[in-house]
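Hi everyone, thanks for coming. Let's take a look at today's structure together.

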Amino acid sequence: MQRLNQTHPFPLDCWLPTGQAARALGCSPDTLKRYVKRDGFLVEGEHWRRGPHRQSPMVWNVPACQKAIEYQGRLR
């Protein structure tokens, strides 16, 4: 099972943009978005959110995402 990238330069208790969150979780940005859109187990407000505008980028709660992905058995 893959764990969070321990050499990531950002604190992992914060919300990170998609690319940085994907790197920290060891998956691609497309995979994260698929977990929201198709698979539906990453929930808005808990695992990800957008800024104040409709076109604001997504940011991710990395520790919460890691727990959800591990629970789904998706991290290798």
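**A walk through the model**

The chain's accessible surface comes to about 5,000 Å², and 49% of that belongs to carbon and sulfur atoms; such areas come from the Shrake-Rupley method with a 1.4 Å probe, and for residues only the protein chains shown count as cover. Please keep in mind that this is a predicted model, where local features need pLDDT of at least 70, side-chain atom pairs count only at pLDDT 80 or more, and totals for chains, interfaces and linings use all residues. Residues are numbered from 1 along each chain as its sequence is written, and side-chain values use heavy atoms, leaving out hydrogens and water.

From the N terminus, the elements run β-α-α-β-β-α. Helices (H or I, at least four residues) and strands (E, at least two) are DSSP runs, numbered from the N terminus.

Now, which residues are buried in helix α3, residues 62-72? They are Val62, Ala64, Cys65, Gln66, Ala68 and Ile69, where buried means under 20% relative accessible area with a 1.4 Å probe, protein chains only. These residues pack against β1, α1, α2 and β3. After α3 comes Gly73, with a positive phi near 75 degrees.

On to the rings: there are two aromatic pairs, meaning rings of Phe, Tyr and Trp (its six-membered ring) with centres within 6.5 Å; planes under 30 degrees apart are stacked, over 60 edge-to-face, and the rest tilted. Tyr35 and Phe41 are tilted, 4.8 Å centre to centre with 40 degrees between the planes. Both Tyr35 and Phe41 are buried. Trp48 and Trp60 are also tilted, at 6.4 Å and 40 degrees. Trp48 lies in β2 and Trp60 in β3, so this pair ties together parts 12 residues apart in sequence.

Definitions and conventions: Buried < 20%, exposed > 50% of the residue type's maximum accessible area, 1.4 Å probe, protein only. Contact = heavy atoms within 4.5 Å.
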